[in-house]
Amino acid sequence: MNLFPLYLTIKVSFTATLITAALGMVLALVLAKKDFFGKNALDVLIMQPLVIPPTVLGYYLLVAFGRSSFLGRFIEDVFGVQLVFTWKGAVVAAFISSLPLFVKPARAAIEEVSGELEDAARLLGRTELGVLWTITLPLAWRGIAAGAVMAFARATGEFGATLMVAGNIPGLTRTLPIAIYDAVQMGDDFTANMLVLIVTLFSFSVLYVVSLFTRGKF
Amino acid sequence: MSLSFSLKKKFREFSLDVDLTLDEDLTVLFGPSGAGKSLTLKMISGLERPDEGVVEIDGKKIFDSAGRVDVPIRKRGVGYLFQDYALFPHMTVARNISYGLKGIEAAGVKERVGELLDIMRLKGLEGRFPSELSGGQRQRVALARTLAAGPRILLLDEPFSALDYQVREKLRADLLKIHERFPITTILVTHDLEEAFMLGGVIAVINEGKVEQFAGREDVFYRPATRNVARFVGSRNIFSGVVKGVEGGDVVIESRALGEIRAERREMANLNTGQKVDFCIRPEEIPVIRKDKGLTGGRPMNLVEGEIVSTTGRGTTHIMFLKTSGALLKIELPNFVVRDLALATGESVGVLLKKESIWIIP
């Protein structure tokens, strides 16, 4: 059995989760702490992947980052990176789809930290960065960690958008969910069953880990 | 150290306009809920921004809307005790206390924390988390944390409201001791009269965003400046009348509710005949006379007769309401007096409104 899809999925999901966590943290903080024009619009935009069909999302990404688009050419010319039909395209698809799953719980966790505690820290002489580092983040980290685990899980399961953006190139962009689809199409029951088993076990463990975070077991 | 501030802030239905200068004493900001007490503290500390105003500590401006001075919260040197303490739940008692200590080496921190644990009777609890402490301990940790940072002024927002009665009594006494040890200009906010009287050498009575009286506690208690203050300090017996004249040291007042009343004349603005005045008398300053006992030889001055219409035991005292021909008087008597005179609802008695106990509200 070819285990490349498993390896690729882990690589893609891990990279995507790192980007999601970094950018998502900034977005969660801004959404939780700041009031600005267009805040609701930004929120709606980030949450889109939760409701929009993955193929539609993939189509948008294809159009946006394709070699004929301005953005796609810009990225290719400046960074020398081609996104469409490469594993990096799969990362972009996974990142966009998993972002809401991180931002939502992270924002809620940050908002839940009492403003009075942050005020108390300011009154005791701390800078805004100091308050964030010693009060807000330590008290919100459970929600943030749970969000990161959910985002990782979502990234491993990404199918529709990935197929649109990265395609299904064996040994190059064929991720686990796509490999399952392929195996079923080919009538390769053994591979399909094994991959399904791996994904199922993984999904269960993810939700278990998340429940440990939210029940405060860590 | 001294603190002076003049602050204005408007909300839709509420506007606040306070102006006070305080010295190294403990000043109580007293008034009903919603009067703007906590808001005042928040504006001094910078947690809330006034529409306009000035805040000065030791003559140095930390806020001035006109001069565009707005020192950030962290640099104001204001110690603030929140009503529910705002202890950091993820830090131990020791870490909470040392949180605001900066610029000193580890050994110094340890020494300072140890010293505060000692003063605050928190020895042995340094490793506990806030969730493992009683209400009184939490309050003391919060106070220790605030003092550790070395504040120039101290703002206490209803520091005892979350505690039960016995703990509150003890901690009030503690607070006075601590204030002696750290004589920082302190403002304590409360809506509790007993607390205001016990703690405040100076009391500012605030109502609907305005300071109605700012004076020593005896003044506020016995010589209220306005009807509202009289009401807030528990002087329920407030009446109106017209000055009939001044005879010797007495002011003679004709009151619809009580008839002719004589009040001792105090050093106050001149009272003209025919002028309308309000006067009050504290419920615990009114002696009761049974008509079948005593009352020999002439009718005493300011005798008011009536029927007791309600009697309520309050533990150490009894509260009675006396219905006279034109008024309802509240009287507070020690239990033994009630027992000795066999006072009960339905009895007809006389009360003396002693002229030296009557205060004419200026």
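Reply: Gladly, and please keep in mind from the start that this is a predicted model. In chain A, 41% of the 218 residues count as buried, and the C-alpha trace of chain A spans about 65 × 45 × 30 Å along its principal axes.

Me: What makes A153(A) buried or exposed?

Reply: A residue is called buried if 20 or more other C-beta atoms lie within 10 Å of its own. A153(A) has 21 other C-beta atoms within 10 Å, and therefore A153(A) is buried. This residue lies in helix α7 of chain A, and, leaving aside residues up to four places away in sequence, A153(A) touches S203(A) and V206(A).

Me: How do you know what span to expect for helix α1 of chain A?

Reply: The expected span is 1.5 Å times one less than the number of residues. Helix α1(A), residues 4–33, has 30 residues, and the distance from its first C-alpha to its last is 43 Å, which is close to the expected 44 Å.

Me: What makes a kink in α1(A), and where is the kink centred?

Reply: The bend at a residue is the angle between axes fitted to the seven residues ending there and the seven starting there. In α1(A) there is a kink of about 25 degrees, and the kink is centred on G24(A). G24(A) is also one of the buried residues of α1(A), among them L8(A), V12(A), A16(A), A28(A) and L31(A). The buried residues of this helix pack against α2, α5, α7 and α9 of chain A.

Me: What makes a set of residues a nonpolar core, and how many residues has the largest one here?

Reply: A nonpolar core is a set of buried nonpolar residues, such as Ala, Val and Leu, joined through C-beta atoms within 7 Å. The largest such core has 145 residues, and those with the most contacts inside it include L61(A), V92(A), A93(A), A144(B) and L155(B). Helix α5(A) gives the largest share of this core, 14 residues. L61(A) touches V92(A), A93(A), I96(A), A161(A), M164(A) and V165(A), when residues up to four places away in sequence are not counted.

Me: What covers the buried residues of α6(A)?

Reply: The buried residues of α6(A) are E118(A), D119(A), A120(A), A121(A), R122(A) and L123(A). What covers them includes α7 of chain A, together with α1 and β7 of chain B.

Me: How do you know how many residues of chain B are in contact with chain A?

Reply: Two residues are in contact if their C-beta atoms lie within 7 Å. By that test, 14 residues of chain B are in contact with 13 residues of chain A. The chain B side of this contact divides into nine nonpolar, three polar and two charged residues.

Me: Why are β12(B) and β13(B) said to pair, and over how many bridges?

Reply: Two strands pair if there are at least two bridges between them. Strands β12(B) and β13(B) have five bridges, and therefore they pair, in the antiparallel sense. V243(B) stands opposite I253(B) in β13(B). The hairpin of these strands has two residues between them, and in this hairpin G248(B) takes a positive phi near 60 degrees.

Me: What makes β18(B) and β19(B) a pair?

Reply: The cut-off is again at least two bridges, and β18(B) and β19(B) pair in the antiparallel sense over seven bridges. In β19(B), L333(B) is the bridge partner of H318(B), and the hairpin formed by β18(B) and β19(B) has four residues between the strands.

Terms used. Residues numbered from 1 in each chain as written. Chains lettered and ligands numbered in written order. Predicted model: local features only at pLDDT ≥ 70, side-chain atom pairs only at ≥ 80, totals over all residues. Nonpolar A, V, L, I, M, F, W, Y, C, P; charged D, E, K, R; others polar. Buried ≥ 20, exposed ≤ 12 C-beta atoms within 10 Å, placed from the backbone.
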